[in-house]
Amino acid sequence: MCPLPLAAAAVAAPRAPLRLLGRGLTAAMSTARPLISVDYEVFGKVQGVCFRMYTEGEAKKIGVVGWVKNTSKGTVTGQVQGPEDKVSSMKSWLSKVGSPSSRIDRTNFSNEKTISKLEYSNFSIRY
């Protein structure tokens, strides 16, 4: 199990306001500035080190939407969507930071494109 510094706060927090915040964030992002979508795959020591959990937390902190999941190849893959500056921040985090116990050897980005609206309402871990 991966310890999270704010785990107790997250469990105690009511769920409804988070859903409302997510919808508000989606609405705000879809009308503000051009939106970008990019796929990614992270190579290195990225499984068994809480990488997905930290990715989800960082994405929510930055304010992007999308998903993350482990692959059978030992990598982590996903998609990020949002305003270009926020997607760039997330790309940097995925390339250089990761979870505290991870080791990122390289990150490949593909299918980067401008989109007219967000395809996701939040950022989630897929299984």
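**Entry 1: methionine 90**

I looked up methionine 90 and skipped its neighbours within four places in sequence. Methionine 90 is in contact with Thr55, Glu58, Ala59, Ile62, Val64 and Val80. I keep in mind that this is a predicted model.

Next I looked for the largest nonpolar core. How many residues does the largest nonpolar core have? It has 19 residues. Met90 is among those with the most contacts inside it, along with Tyr40, Val42, Phe51, Val64, Val80 and Leu94. The elements that give two or more residues to this core are β1 (35-45), α3, β3 and α4.

**Entry 2: the whole chain**

I stepped back to the chain as a whole. I counted 4 helices and 5 strands. Along the sequence, their order is α-α-β-α-β-β-α-β-β. The chain has 127 residues, and 39% of them count as buried.

**Entry 3: helix α3**

I checked the length of α3. It has 12 residues, and at 1.5 Å a residue these should span 16 Å.

Which residues of α3 are buried? They are Phe51, Thr55, Glu56, Glu58, Ala59 and Ile62. I recalled a rule for reading such a list. An α-helix has 3.6 residues a turn, so residues three or four places apart point the same way. I then asked what the buried residues of α3 pack against. The answer is β1, β2, β3, α4, β4 (103-115) and β5 (123-125).

I also checked what comes just after α3. There, glycine 63 takes a positive phi of about 100°.

**Entry 4: rings and charges**

I searched for aromatic pairs and found 1. The rings belong to phenylalanine 51 and tryptophan 93, with their centres 5.9 Å apart. Their planes stand at 45°, so I noted the pair as tilted. The pair links distant parts of the chain. Phenylalanine 51 is in helix α3 (residues 51-62) and tryptophan 93 is in helix α4 (residues 84-96), 42 residues apart.

Are these two residues buried or exposed? Phenylalanine 51 counts as buried because its relative accessibility is 1%. Tryptophan 93 is buried too, with a relative accessible area of 8%.

Then I looked for charges over rings. The charged end of arginine 106 sits over the ring of phenylalanine 43, 3.7 Å from its centre. The charged end of lysine 91 sits over the ring of phenylalanine 109, 5.1 Å from its centre.

**Entry 5: lysine 73**

I found lysine 73 in the loop between β2 (65-70) and β3 (76-83). Its relative accessible area is 59%, so lysine 73 is exposed. Which side chain does lysine 73 join by a polar contact? It is the side chain of glutamate 41, at 2.9 Å. I also compared lysine 73 with phenylalanine 43. They are 30 residues apart in sequence, and their C-alpha atoms are 9.3 Å apart in space.

**Entry 6: two residues of β3**

Threonine 77 is in strand β3. It is buried, with a relative accessible area of 16%. Its side chain reaches the backbone oxygen of tyrosine 40 at 2.9 Å. Not counting residues up to four places away in sequence, threonine 77 touches Tyr40, Glu41, Trp67, Val68, Lys69 and Thr71.

Glutamine 81 is also in strand β3. Its relative accessibility is 0%, so I noted glutamine 81 as buried. Which backbone nitrogen lies 2.8 Å from a polar atom of the side chain of glutamine 81? It is that of glutamate 119. Leaving aside neighbours within four places in sequence, the contacts of glutamine 81 include Ile36, Val64, Val87, Leu118 and Tyr120.

**Entry 7: positive phi values**

I looked for a positive phi in residues other than glycine. Cysteine 50 has a phi near 65°. It lies in the loop between β1 and α3. With a relative accessible area of 14%, cysteine 50 is buried.

Asparagine 111 has a positive phi of about 55°, although it is not a glycine. I found asparagine 111 in strand β4.

Terms used
Residues numbered from 1 in each chain as written. Predicted model: local features only at pLDDT ≥ 70, side-chain atom pairs only at ≥ 80, totals over all residues. Heavy atoms only, no water. Phe/Tyr/Trp six-rings, centres within 6.5 Å; stacked < 30°, edge-to-face > 60°. Buried < 20%, exposed > 50% of the residue type's maximum accessible area, 1.4 Å probe, protein only. Lys NZ or Arg CZ within 6 Å of the ring centre and 35° of its normal. Polar contact = N/O pair within 3.5 Å; in protein donor to acceptor, adjacent residues only side chain to side chain. Core = buried A, V, L, I, M, F, W, Y, C linked by side-chain atoms within 4.5 Å. Contact = heavy atoms within 4.5 Å. Expected span 1.5 Å × (residues − 1).
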